[in-house]
Amino acid sequence: MTSDTILQVRGLTKTFSGVKALDDVQLTIRKGEVHALMGENGAGKSTLMKILIGLLTPDSGEILFEGNDLTTGNVGDVLKRGISMIHQEMLMIPELTVAQNIFLGRERSGGLLRWLDDRRLTEKAGALLEQMGVAIRPDMPVKYLSVAQMQMVEIARAISNNASVIIMDEPTSALADAEVATLFRIIGELTRQGVAIIYISHKMDEIFTIADTVTVLRDGKYIATRPAAELDIDTLIALMVGRKLDSLFPVPDGVPAGEVMLSVDGLGRRGVFADISFEVRAGEVLGIAGLMGAGRTEIARAIFGLDRISQGEIRIRGKRVVIHSPQDAIGHGIGYVSEDRKGWGFIPGMSVRENLTLASLRKWSSGPFIRDKQERDVATAMMGELNVKATGPDQLVTYLSGGNQQKVVIGNRLLAQPAILILDEPTRGIDIGAKAEIYRLIHQWQQRGVAIIMISSELPEILGMSDRIMVLAQGKQTTMLSRHEASQETIMRYAMHRDRDTGPTGE
Amino acid sequence: MKNGFTTSFNQVSTSYKTRVQGIGKYGLLAAFLLICIALSVLTPRFLTVQNLMIIVTQVSINALLAFGVTFVIITGGIDLSIGSMVAVTGVVAASFAHPDTFPVAVPLLMGLLAGVAFGAFNGFVVTRSNVPPFIVTLGTMTIGRGLALILSNGRPVSNLSDSFNFIGGGKVLGVPTLIILLIVAFISCTIVLRKTVLGRYMYAVGGNEQAARASGIRVGAVKMAVYTLCGGLAALAGILLTSRITTGQPNAGAGFELDAIAAAIIGGTSTSGGSGTMTGTLIGALLIGVISNGLDLLNVTSYYQQVVMGIIIIGAVVLDSLHNKTNA
């Protein structure tokens, strides 16, 4: 172990009910580096991190932290020794202030019954945040913060803990571009001070922007550790999936689109978006691009009846419709897959079968009674079509990987046989293999004549899948591009478009 | 093979969990049987046909209420007003059940109608306001008790017809009507929960209300349905109790809601919604009945019985969470 190695993992193995989640894994982290941990969902990244922070105990193998054995530590031990994790789901107490959250459990007031010195904590927290260069008031209750700000507070907590290794799990998944820049600046400062960052992300561009070293896991096994500078995207993907991907996106087949299924004219929601007009034809994919907060999801929600519109009209097959609720929208043949898979997508306590048939249950029932056999057959057939990896139709959806959960959500909408399908960030947080499958599915349903609206923050996805692309900026439509007009640069230019005079007032 | 590269990734979490959480369907049944065996060894009076009949008869009212509240809890709600509904519906039924006034169907229907209306009112307020069901039904619990006292002028409604008294106190082919109705109600509720679209929607609403909405489920209608069903079952319990004690008591049913909720929870219904079964609830109610009967036979005073019952409720939920942890 060289002198600048801070954390070394060797021969780590962890088995869950007979399945090896980690198999002889190694990892070496040096002081002051950003070490990206890559792998598809289910590759063992989360298990490895849980072992590092002491939430799980490995079956065998060793963890050396600054030369000390850390293999059987609990959460408290690991924190004291300086490993902190910034969780994907923020673990903070909303009613407490920023300062109280930062020092939670470490108030050091001397005994449970002593008075807390909140003012001292607030001053300390303020100094820390200022040092990080983020403008967050330490006496503000955490519930008023944005996700990005909460993340900064989590990082401040890690720093105040004197963490020498900070684990970040998908830290940018909910951040806007400017916030990502702030995060990267702070990461840069931390590494200059010798803090090592273990960085988990599915976003390739981020990895190549900030990582110094990349370690790849696959199926719970250690695959390789390489300097980031020696890698390119293709090599990295090949290491992750174990073979080269021929093509991520299906080839467009040039079949002309059919009749106009959905047209939207002058749609607006006060203060959110305004003057949105577009149409989608049968067998066509309309991509909607834009920065976070541009109003993409809000438009989808309004069309699906989750939010009220304040102006404009929606036509389906040329006929004007009024949509007040998701039931109305579904009645008009619209299906919506939300960007928030856990919140709006599936019922965790239900099986794959029950989740798949939920939106179309009336079709598989006689009067009030579900036709069990037909329901099972339909679900099993859909599992096959979607290539859902599960032990069977009765496995709970909770236990599937993110990609397979997403397939189940899409399958639920498809079984309702929508004429119009709205997909909001359909591949967010999904590994690359499942992504390719979802693209194939979208293409397949497009060929069957479904009109598809796809909202995405990932430009390659927008470019690879869309026939036409609508770009939004600040709640307004800035352009409509055809497939061959569009490039990453044009989309970004229109997405950044600022027009001070015509903000989304909705009037 | 086109998409073969993903085949092996998702095999990590293969643990399978049925909808009965907790100590699990079989764990609960095993605990129940174990207690029965222990009691048969400890006292010869336990395992007699007569005693078992007494237990089931005593359990039946609580079980009916517990079935109703299980529906509600599965959708993520709660109903604290069921004890008061027992009193209201009992008093209403009794008012129409005096000898030589109306045929026996009238008190039955009026009682059921009162319960259904009361339940629908609960459902209406829960779905139309943002007030949590706990608070809404805490309010209607008090309202219901007041209504029962108003309708009866605060006095027991007695002098009921023989045919009315037969409903809850009679026997058919030697089997008490209470037991027959319990079995019918159990089978019907199980079918609703497991075989119907409505039952599936209940689990969906309790499991993830937003996802249910996005699947096109009319969440408000499902909630209306469960509170109304719960009211109907409470009415049935109220009528049976009134018939059995041959009096409409405005003070009847006080505290029944807690026993019913306890039976559902011991039976593995999660208070956070989305899971639970009628079988679990039935076993939960039987468990409560057997334990209090056994403690009676062993001459344990009712003071201690309450302590024991409390420990069992907490114990069941603790086992529940331990079981969930090992499955996670």
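**Close-up views of a predicted two-chain model**

Chain A is divided into domain 1 (5-241), domain 2 (260-333 + 418-497) and domain 3 (347-417), with bounds taken from an automatic or database domain assignment. This is a predicted model, in which local features need pLDDT of at least 70 and side-chain atom pairs count only at pLDDT 80 or more, while totals for chains, interfaces and linings use all residues. Residues are numbered from 1 along each chain as its sequence is written, chains are lettered from A and ligands numbered from 1 in the order in which they are written, and side-chain values use heavy atoms, with hydrogens and water left out.

**View 1. The contact between domain 2 and domain 3 of chain A.** The C-alpha centres of these two domains lie 25 Å apart. Domain 2 of chain A brings 15 residues to the contact and domain 3 of chain A brings 14 residues, where contact means heavy atoms within 4.5 Å. About 1,200 Å² is buried between the two domains, 67% of it from carbon and sulfur atoms; buried area is the accessible area (1.4 Å probe) that two parts lose on being put together, summed over both. On the domain 2 side, A:Pro418, A:Leu441 and A:Trp445 lose the most area to domain 3, together 39% of what that side buries. The count of salt bridges between these domains is 3, a salt bridge being a side-chain nitrogen of Lys or Arg within 4 Å of a carboxyl oxygen of Asp or Glu.

**View 2. Salt bridges within chain A.** Side chains of opposite charge can pair when their charged atoms come close. A:Lys389 and A:Glu437 form such a pair at 3.9 Å, N to O. A:Arg315 meets A:Glu313 at 2.6 Å, N to O. A:Glu313 counts as buried because its relative accessibility is 18%, whereas A:Arg315 is partly exposed at 31%. Here buried means under 20% relative accessible area, exposed means over 50%, and partly exposed lies in between (1.4 Å probe, protein chains only). A:Arg281 and A:Glu279 are joined at 3.5 Å, N to O; A:Arg281 is partly exposed at 31%, and A:Glu279 is partly exposed at 31%.

View 3. B:Lys195 lies in helix H7 (residues 177-195) of chain B and A:Asp372 in helix H13 (residues 372-386) of chain A, so the pair joins two chains. Helices (H or I, at least four residues) and strands (E, at least two) are DSSP runs, numbered from the N terminus. B:Lys195 is partly exposed, with a relative accessible area of 35%, and A:Asp372 is partly exposed at 33%. A network of salt bridges links A:Arg353, A:Glu354, A:Glu375, A:Arg376, A:Asp394 and B:Arg200. Over all chains, the structure holds 31 salt bridges.

View 4. Most residues other than glycine have a negative phi. A:Gln417 lies in the loop between helix H14 (402-415) and strand E19 (420-424) of chain A, and is exposed at 60% relative accessible area.
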